[in-house]
Amino acid sequence: MKWAGLLLAVMMVVGLLSGCGGSSKETLNIYSWADNFDMDVIKDFEKQYNVKVKYDVFANNEDLLAKIKAGGNGYDLIQPSDYMVEMMIKQDLLAPLDMNNIPNFENIADVYKNPTFDPGNKYSIVYMSGVTGIAYNKKYVKDEIDSWEDLWNPAYKGKVILLDDNREVIGMALKKAGHSNSSKDEGEITAAVNDLKTLLPSVLAFDTDNIKQKMIQEEGWIATVWSGDASFIAKDNPDIGFVIPKEGSTIFADNYAIPKNANHKELAEKFINFMLEPEVSAKNYESIGYSDPNTKSAPFHSAEYNADKMINLTDEEMSRTEWLSDIGSQVSLYDRFWTELKSGRE
Amino acid sequence: MRKSNLSLLPVFLWLFLFLLLPMLMVVGISFMDRDELGNVVYHFNLDSYATFFDPLYLGIYWDTIVLSVLTTAICLLLSYPLAYYIANASPRMQTWGLVMITIPFWINFLIRTYAWVLLLRTQGVVNSLLINWGLIQEPLQMLYTKGAVLLGMVYTFVPFMVLPIYVALEQMDKKLLEAASDLGATPWRSFWHITLPQTKSGIMTGAVLVYVSTTGMFVVTDILGGAKSAMISNIIQSQFLGARNWPFGSALSVIFVITSLIMIALFNRAMTSRHLKVKEGR
């Protein structure tokens, strides 16, 4: 009897594993962030190419890396962030893109081409990009905001929110001091962290996922916020302003990339190309509310989207941005300092 | 006899595959090295354990233990009277009491924690009420403080304390209390000498559940504490993700398990010696 039970369990597991092979249609397996696409656009793609799209989600780049390193689970298209693209290239986990299948690549704006984390776009194409800036509530913040220094203003004590991200926060302090946001110089990093320690008493919270709610509900008055999130906050709370500080800031992107062992590489490339059609692009970015890197899609966007200054940053603002690059072995130093900042201990 | 041993085989297999093996891997990795990209490198060393004795990490661990002990103590103080009340109520009320304790479990833990955010934030329910009643002028900053973390922990883990104590009270031999009262013991005296010693297995179980769960909790500190009072479990999590340092994360986990076992053993001993004293006193 007990062996029958075991047999049944084994059969169920086998059934689960083989259950996916039922459909005869070709399947594109996407592994990305939650809510990263307009689902209607995905349905359009399924219809037009007579294929099926399977969409799995991860919560952070490290989960993605672990899965891809462990063999990829049959994913055809993944969306790593900038620094993760660099790490995956270094570990030989990505397949080079065949640009013959992606002629619409030319629609991408020049600022998003040839990024430092993937020179020549050999392995990746920018999908969703933004810049870290300062969002502030004009009801409480009366001074003009144009510098990272403004976060240190004692008038906002206890009302400052910082991104819950090691590289963003230390990178911000490095930028404030006029250095690269990816400095590997121990002296520069130490000085930046000491500067941040003087900001700690002003900090209400560190937050990335729920920073939008905290700003909409006016718990925080001033915060480091991603441009797309700032646009989202401003829609719910019209008192919100947003600036890219004069010292410059960090630009980030989630990208299209294809794992080395993908089973449907060509279909993945067709999907990227489809997403870069001006009309599809407009529909998609309109829905997810982030900056559209497509130069030809503006006519298809709503007037409201085109007028949004937090989504459509100026060339001058973009010229002050810098990508984060991999810091190699200094990751230990950054992590130690981050632990000090997050625990308030030395 | 042989037959029952054989039928236990799947259980042992299960425990080996999904408990022992992963734990052995964690212990193994804690003695390894890693490269710049975060890959574990098979080179035996004790660096990860040495790093733990840095005052920074020792301090964070101390904070974690203090918070966990405090949470356990408050849970015990709140839960014992509650469990006592439920256990001594009418059968109908007992059922109701237990249902009330268990109902929150039907709702996702994250949602319950976010509910506290809605209550405590500056424009939240509590502040709005206090301002409307004219008790305060400016909203109080209750959220994103250590107090909010403690509140969240106690709220989350009180049921883990109530249920085992309730079971112990329920199974207690009530005749002893009648005998004590017949012999002239005051209610307080019979509680102290009969009820408390008889329910200490429940207290023990509850305390261990609450203590271990609190030390391992990192969501409450993030949501209610504003992610600015890192606990040891926050550090472990970050070592496995952003910091790309699995060996250090593993070493912290191993130390974590060992210190938890020591705390449980100490607590167990404290409880047993109390029991001995009671026996001698009889």
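These legends walk you through several views of a predicted model, chain by chain and contact by contact. Residues are numbered from 1 along each chain as its sequence is written, and chains are lettered from A, with ligands numbered from 1, in the order in which they are written. Because the model is predicted, local features need pLDDT of at least 70 and side-chain atom pairs count only at pLDDT 80 or more, while totals for chains, interfaces and linings use all residues.

**View 1. Chain A as a whole.** Here you can find 13 helices and 10 strands in chain A (DSSP runs numbered from the N terminus: H or I of at least four residues for helices, E of at least two for strands). Its C-alpha atoms fill a box of roughly 65 × 55 × 40 Å along the principal axes.

**View 2. Inside chain A.** Of the 346 residues, 43% are buried (20 or more other C-beta atoms within 10 Å of the residue's own, with C-beta atoms placed from the backbone). Take the contacts between residues at least 6 apart in sequence: 74% of them join residues at least 24 apart (a contact means C-beta atoms, placed from the backbone, within 7 Å).

View 3. Domain 1 covers 2–129 + 253–312, and domain 2 covers 130–251 + 319–343 (bounds come from an automatic or database domain assignment). Their C-alpha centres lie 29 Å apart. To the contact, domain 1 of chain A brings 14 residues and domain 2 of chain A brings 13. On the domain 1 side, helix α4 (residues 82–90) of chain A gives the largest share, 4 residues.

**View 4. Chain A against chain B.** In this contact, 29 residues of chain A face 22 residues of chain B. On the chain A side, α1 (2–18), α4, β6 (203–206) and α13 (331–343) each give two or more residues, and α13(A) has the largest share with 6.

View 5. An unreviewed UniProt entry places "transmembrane region" at several stretches of chain B, including residues 56–83 and 208–227 (positions use the numbering here, feature names are shortened, and annotations may be inferred rather than shown by experiment). Residues 56–83 of chain B are 100% helix, with end C-alpha atoms 40 Å apart. For residues 208–227 of chain B, the figures are 65% helix and 25 Å.

Conventions: Buried ≥ 20, exposed ≤ 12 C-beta atoms within 10 Å, placed from the backbone. Contact = placed C-beta atoms within 7 Å.
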